[in-house]
Amino acid sequence: MAAFRAPPRKGENFELSADLNSEYKEKRKDAIKRVIANMTVQKDVSGLFPDVLKNMQTDDLEQKKLVYLYLMNYAKTQPELVILAVNTFVKDTDDPNPLVRALAIRTMGCLRAEKIIDYLCDPLQKCLRDENPYVRKTAALCVAKLYDLKPELVIENGFLETLQEMIADSNPMVVANTVAALTDIHIAAAAAGSNTEVFVITSAVLNKLLIALNECSEWGRVAILNALGRYETHDDRESEHICERVVPQFQHANASVVLSAIKVIMIHMRSVRSETLTKQLVRKMAPPLVTLLSNPPEVQWVALRDINLLLQKRPDILSNEMRVFFCKYNDPLYVKVEKLDIMVRLAGPNNVDALLSELKEYASEVDVDFVRRSIKAIGQTAIKIDEAAERCVNVLMELIGTRVSYVVQEGVVVMKDIFRKYPSTYEGVIPTLCANLDELDEPEAKASLIWIIGEYANKIDNADELLGIFVDSFTEESYPVQLQTLTAVVKLFLRKPDTSQDVRDRAYIYWRLLSTDPGAAKAVVLAHRPPISLPRTTVSPALLEELLGEIPSLASVYHKPEETFVGRGRIGADAIPKGGSELADDRATAQKAFQTVAAGQQAENLLNFDDPTSNDGQQPTGLAATTVLTSTPAATNLLSGTSSNPLDDLVSIFGNTGIGTNAAPPPTPGQPQTHLNAFGGLSFGGQPMSPAPPMTPSVLQAVSPPPQQQQQQGAQDDLLGLF
């Protein structure tokens, strides 16, 4: 019986392999196109590498491009087979057709395979001195790619010196690509810690760059403008000369060229002494910036972010162009948000009426987030322009009168800031705000209204009733509302002591403050607040100067230095091991925390209002019963300095100790104990730690009063009765 033999497996790759080896030229070319199509849609065609490689030697430029594209994609996965293509690459760099020569050297630079790098140097040396400028400009960029792979090869073969000579090339595109390559190499060398400057721009180089600027492509102009931004001028005349030569780039249709030109002007304007020339340059910046707003939304947003930075440095650039920033109905939200910010920056006494009218319209739109930001912009305008504050408040009252929930809540938040800026000026609107109490369900809005009630408690007849609403629901409120409620209740007590609410179980910290020194309480709670104002800049002056020098890169768009989001092998701060001194500091901090806790045990009963009046013969309760703090692993970790989260461990100690009437369990035999020694210090495992500091009365520390203070106890008890 004959053995059964399975037929050969056939599939798409099998058919492609057969076609790639076909004797017909057109069939092979069609097969290569299908391979590239499959590669584009992420199908694995790496198994066809030898078959595709056979079709590399051809006079058909289109087919050669397709094969080179395939090689670039799969060179990393098939590094051994790439060596087979080296001879063809070298041969193509001597081809009579400059397009083939450029294509070959470009592809060799993009392969990024270790085994082919050494074969790249000789062809690259020839192409850098090729008679055709297209080949030279392609080879210039290839040097930068080679430096990224193997810097020592670039230095040994003198490619850097060749590039510096090519800056004087007669072709502006060659100059532009040479500048781009040298800039990339300069940045890479600096990142690697090299002390030598790869790309030094001298006065001679400057003149060559200025000559090539007007004759190269958009990308070339951006590269040259970036280099001009790095140049440090020797005097004001040189700065003026650079500005005059760069200003014509404002008329370019490409947004990147325009923003790069503005960056160069802003950098070199610092050295211009002529006020007249400075004003002229600032005036010439306005039209191109306005023109940028006619681009698609994505480009608009980039332009708006950069305009925001420019206005922080020079608010007068677009002082008469408020209307071009008015939001359109079809603008995306991210564009509208940036326009709102810029409109507030441009707001002044002359255009505030038009701005308020526009913002009022925005507040009636359907996008809730945009409405909130519009109302916030009205408040920012009121804070910025004193003479327009009353008009802004009137607009806000109209909007609050609509009783739309999110409008009312944002309006209350904004009015709080206005009251801080103009105290005792717009008290007439307080009843309207208080009447909308039921509309508030967001923490920020509630906290803002509570602040207003506490601040003007002496002028609101039913302030105690209003605050009582929040006191009754205290435990259900969010953290900001709780904090603001505590502060407002103390303000109410200080302003109207006869109508203070019962907040005994909520405000014991303030009770200590009040019982110790009411004068100090008044100085703390009713202290003079610093005036509120609209910040002129959103970044520090030094960072602003740095970001202006990065226009139009991502740094200027994010308003952050590039090292915060770009880097090689960056690691988080948590991944860096701590030094010995830092560990010692952590242990000292943990020990200090335990000393503070131990010292605070004596004050626990004072805070426990529900304890019986006498505890004679009974076990102590609360923190006073916590005599064995190290009975938990968390405490051990804290004291040894091995805690991964000291705050959580410290909290867990109190969660595990019996806060109540149950005493702590006895320690395990052989386990170290922690207790107070006779000097108020903390002992751990029989070894005394550093003694705790002597206990002195303070507003946050309750102690037993000395004999001479016993006579004041009656007055303090009366004060306690209020709570």
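Helices (H or I, at least four residues) and strands (E, at least two) are DSSP runs, numbered from the N terminus. The model is predicted: local features need pLDDT of at least 70 and side-chain atom pairs count only at pLDDT 80 or more, while totals for chains, interfaces and linings use all residues. Residues are numbered from 1 along each chain as its sequence is written, and side-chain values use heavy atoms, with hydrogens and water left out.

The protein has 37 helices and three strands. Of its 723 residues, 45% count as buried, where buried means under 20% relative accessible area, exposed over 50%, and partly exposed in between (1.4 Å probe, protein chains only). Contact means heavy atoms within 4.5 Å. Among contacts between residues at least 6 apart in sequence, 65% join residues at least 24 apart.

Ser46 sits in the loop between helix H2 (25–40) and helix H3 (49–53). Ser46 is buried, with a relative accessible area of 15%. Not counting residues up to four places away in sequence, Ser46 touches Tyr70, Tyr74 and Gln78. The loop between H2 and H3 also holds Gln42. Gln42 is exposed, at a relative accessible area of 70%, and has a positive phi of about 70 degrees although it is not a glycine. Most residues other than glycine have a negative phi, and most peptide bonds are trans.

Val82 belongs to helix H5 (residues 79–82). Val82 is buried, with a relative accessible area of 2%. Leaving aside neighbours within four places in sequence, Val82 is in contact with Phe49, Ala75, Leu111 and Ile116. Val82 and Ala113 are 31 residues apart along the chain, and their C-alpha atoms are separated by 8.1 Å.

Next come the helix pairs. Two packed helices are described by the angle between their axes and the distance between the axes. Here axes are lines fitted to C-alpha atoms, for helices over the stretch in contact, and angles run from 0 to 180 degrees between N-to-C directions. Angles under 35 degrees count as roughly parallel, over 145 as roughly antiparallel, 65 to 115 as roughly perpendicular and the rest as oblique.

Helix H7 (residues 98–110) and helix H10 (residues 133–149) pack at an angle of about 5 degrees, with their axes 9 Å apart. H7 and H10 are therefore roughly parallel to each other. H7 contributes Pro98, Leu99, Arg101, Ala102, Ile105, Arg106, Gly109 and Cys110 to the contact, and H10 contributes Tyr134, Val135, Thr138, Ala139, Cys142 and Lys145. These residues divide into nine nonpolar, two polar and three charged; Ala, Val, Leu, Ile, Met, Phe, Trp, Tyr, Cys and Pro count as nonpolar, Asp, Glu, Lys and Arg as charged, and the others, Gly among them, as polar.

In helix H14 (residues 203–213), the residues Val205, Leu206, Leu209, Leu210, Ala212 and Leu213 are buried. They cover an arc of only 165 degrees around the axis, which puts them on the same side of H14; the arc is that of the directions from the helix axis to the C-beta atoms. An α-helix has 3.6 residues a turn, so residues three or four places apart point the same way. The cover over the buried residues of H14 includes helix H13 (172–191), helix H15 (218–230) and H16.

H16 (residues 236–246) also packs with helix H17 (residues 255–268): their axes come within 9 Å and cross at roughly 160 degrees. That makes H16 roughly antiparallel to H17. The crossing of H16 and H17 is left-handed, a term used if the near helix is turned anticlockwise from the far one by less than a right angle, with right-handed used if clockwise. Ser239, Ile242, Cys243 and Val246 in H16 meet Ala261, Val264, Ile265 and His268 in H17. By class, this contact has six nonpolar, two polar and no charged residues.

Arg403 has a positive phi of about 60 degrees although it is not a glycine, and is partly exposed, with a relative accessible area of 43%.

Leu440 lies in the loop between helix H25 (430–435) and helix H26 (443–455) and counts as buried at 8% relative accessibility. Among the residues that Leu440 touches, not counting those up to four places away in sequence, are Val408, Gln409 and Val412. Leu440 and Val408 are 32 residues apart in sequence and 7.8 Å apart in space, C-alpha to C-alpha.

Finally, a cis peptide bond joins Ile551 and Pro552, with omega about -5 degrees. Pro552 lies in the loop between helix H31 (541–548) and helix H32 (554–558).
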